[in-house]
Amino acid sequence: MARAISVVHMNLWETVEVEVAHDQELQKIVVALQHGLDDYPGYFLHNGQLFYQGRAMLPANSSQIPLLLTESHDSGTGGHLGFFRTYKKLIAAVHWCGMRQRVRDYIVGCHTCQ
Ligand SMILES: [Zn+2]
């Protein structure tokens, strides 16, 4: 219980960092980078955080993805833009596997947009 509360108080990037540390696939990439291997083109580490092509890398099951989708699509600045503009906002900052489809599904499921 105490653990769940502390997670709520962590900011998005701290949470993502913890999630990356617990993601087996992404940890393989982190370890390779820490050993100076170039097995994963496009990836790099900065201050302990994993980036892909300059964008913060998230596990595909990250708890922060719903928040990012809300922020980019339907919060005050979101404005319920269509797929392309919502996706463009997101790819400026983050990347996760299956991102394109996840954004598409989110907008299809948005009640305000229907
Ligand atoms: Zn919408």
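## The buried side of α6

In this predicted model, the residues of helix α6 that count as buried are M99, V103 and I107. These three cover an arc of only 70° around the axis, which puts them on the same side of α6. An α-helix has 3.6 residues a turn, so residues three or four places apart point the same way.

The elements against which the buried residues of α6 pack are α4, α5 and the strand β4, which spans residues 94-95.

## T86 in helix α5

Two of the buried residues of α6, V103 and I107, are also among the residues touched by T86, whose contacts, leaving aside residues up to four places away in sequence, are S72, H73, L81, V103 and I107. T86 itself belongs to helix α5, which runs over residues 83-91.

Because its relative accessibility is 1%, T86 counts as buried, the threshold for that class being under 20%. The side chain of T86 also reaches a backbone atom, namely the oxygen of G82, at a distance of 2.8 Å.

## The largest nonpolar core

The largest nonpolar core has 25 residues, of which L50, L58, L90, V94, W96 and V103 touch the most other members. Two or more residues of this core come from each of the helices α2 (12-21), α3 (24-34), α4 (65-73), α5 and α6 (99-108), and likewise from each of the strands β2 (49-52) and β3 (55-57). The greatest contribution is that of α3, which gives 4 residues. Since both domain 1 (2-53) and domain 2 (65-108) give residues to this core, it lies between them.

L58, one of the core residues that touch the most other members, illustrates the contacts in detail: with residues up to four places away in sequence not counted, L58 touches W13, V16, L26, I65, L68, V94, H95 and W96.

## The sheet

The 4 strands are arranged as an open sheet in the order β1-β2-β3-β4, and the pairing within this sheet is mixed. Its edges are formed by β1 (43-46) and β4, each of which pairs on one side only. Strands of a sheet pair through backbone hydrogen bonds, either parallel or antiparallel.

For β1 and β2 the sense is antiparallel, and their pairing extends over 4 bridges. Within this pair of strands, Y43 has Y52 of β2 as its bridge partner.

Note on methods. Residues numbered from 1 in each chain as written. Predicted model: local features only at pLDDT ≥ 70, side-chain atom pairs only at ≥ 80, totals over all residues. Heavy atoms only, no water. Buried < 20%, exposed > 50% of the residue type's maximum accessible area, 1.4 Å probe, protein only. Polar contact = N/O pair within 3.5 Å; in protein donor to acceptor, adjacent residues only side chain to side chain. Contact = heavy atoms within 4.5 Å. Core = buried A, V, L, I, M, F, W, Y, C linked by side-chain atoms within 4.5 Å. Domains from an automatic or database assignment. Arc of directions from axis to C-beta. Pairing = 2+ DSSP bridges.
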